[in-house]
Amino acid sequence: MSEDTVSPYDEAMEALSSLITKRSRADKSNKGDRFDLLFDYVKILELEEPIKQMKIIHVAGTKGKGSTCTFTESILRNCGFRTGLFTSPHLIDVRERFRLDGLDICEEKFLEYFWWSWDRLKERTSDEMPMPTYFRFLALLAFKIFAAEQVDVAILEVGLGGKFDATNVVENPVVCGIASLGYDHMEILGNTLGQIAGEKAGIFKSGVPAFTVPQPEEAMSVLEQKASELDVNLQVAAPLDPSLLSSLHLGLEGEHQYLNAGLAIALCSTWLQKTGRVGINYLNQTTSLPEEFIKGLATASLQGRAQIVSDEFIESANPGDLVFYLDGAHSPESMDVCANWFSIATKEGYIVPNNQTYNDSKALHESGQNAPFRKKSTRILLFNCMSVRDPQLLLPRLVNACASHGVHFNKALFVPNTSVYYKVGSVAPPAADAQVDLSWQIALQRIWENLVIAEKGRDAKNAELTTCDAVNDDTEKGANGSANSTVFTSLPLAINWLRDSARKNQSVRFQVLVTGSLHLVGDVLRLIKK
């Protein structure tokens, strides 16, 4: 395709990009930002009645809301229902946010609904009622898609907060869920767990049942207070007992997923009862789970969360020589979870879960992942986080949690994200002569170097901490490097450096943890998957 011809899909991405406000999400004037406009947009798109008719499950939370929605969708799809799932963010393609029967919406349907919605809004908006912002447009588009596709159930993940989130135009969901609450987006949602809980409880609707997971006392008391004000029957869903899975494993990795699975089971059971689909009360079945529930929980999958991918582009005799462990953790609590998973997953004898969609399990076995002592492992961290996060809270949590398993990183690489907040779609690499601002990455590197010094001081004899020769060769142009860490001007340079290192050191298996940002995880997946 010549440069002048823009594909219809790229054209839609250009239009969508124009809705992204350059303003920081932390801008105080974002608060509620004319929430009432959403109801006008719903009228323009003729969605009032369809949304009322929709059988909706609405989920908020700090951590685990995406996983809960994924389990919920998988269970109800395995029960035979036509499902619509709206989640955020996307990792590679915006269509990932809209799933029909477990699959991303196809390009053809996406474009049809996109332009229908876009043209109607463009015709009727004005200075007084401007076009919706990016996320609001995507939420409205989700309602349009799910209405037109006549889904039996629409599962909606809140984007940010709850009370003023675009998904909260829903006035009569069947059931609501609140996943684990913690400290994130405090610049918008408030500085205490109570304030954060108050925002999330904004999705509660009068008389609509709600479930949550065990929460810190401060958060739980706010949730209970909001629930009683609205006559909401709020119940705490018990974590799933692993013995109920009939010797199968959850499709999503990590101990914390039993919490999310328990919440999903409660949401699905209530949805089935309230919509009159079934007469059995699954909530009280503590001794067994329906087969469809077990299958749904075991086959659920979510990109960029505890995902293991071996590099598909490296020219190497062993495809498992360079393996990426991807997890979009970006809060202090999720750093602990991510570190525990990585520590277990990189140990000898770890079996890759059977629901992974890529052909890595075989590659990892052949490369000696499960053959003890055949290869020495070098563990590398590839990290970036948004500047609204506090890396002083994130990096030490990660290092300490890994260290508690006896796992240490030989080197850390810091890179700016490739995708930018004001552009959706294909990612163009920065121009060769473009000046990249690396001040944030250098700040991250400084924190890392101090951690390494502290850790070496605690245990000078720890052999794993001394950087092995495999990762000592910093010849990459534009890299700001030391023995323990390197800042690269771009992600492709960092990936190339990893590939070169793996090629030069055939006796070493490189295990790279990619974390700190879902944007970074998506950028890496674009580069390593065919």
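Within how many Å do the axes of helix α1 and helix α5 come, and at what angle do they cross? This is a predicted model, in which local features need pLDDT of at least 70, side-chain atom pairs count only at pLDDT 80 or more, and totals for chains, interfaces and linings use all residues. Residues are numbered from 1 along each chain as its sequence is written, and side-chain values use heavy atoms, without hydrogens and water.

Select residues 8–17 (α1) and 107–124 (α5): their axes come within 11 Å and cross at roughly 40 degrees. Helices are DSSP runs (H or I) of at least four residues, and strands (E) of at least two, numbered from the N terminus. Axes are lines fitted to C-alpha atoms, for helices over the stretch in contact, with angles from 0 to 180 degrees between N-to-C directions. Contact means heavy atoms within 4.5 Å. Among the residues that meet are Tyr9 and Met13 in α1, and Phe114 and Trp118 in α5.

Next, display the open sheet, whose 8 strands run in the order β4-β3-β2-β5-β1-β6-β7-β8 with mixed pairing. Strands pair if DSSP finds at least two bridges between them. The edge strands are β4 (103–104) and β8 (234–236). Strand β7 (210–212) pairs with β8 in the parallel sense over 3 bridges, and Ala210 stands opposite Leu234. Helix α9 (217–229) packs on the sheet, touching β6 (175–178), β7 and β8.

Finally, select Leu297 in helix α11 (291–299). Beyond four places in sequence, its contacts include Phe71, Ile75 and Leu240.
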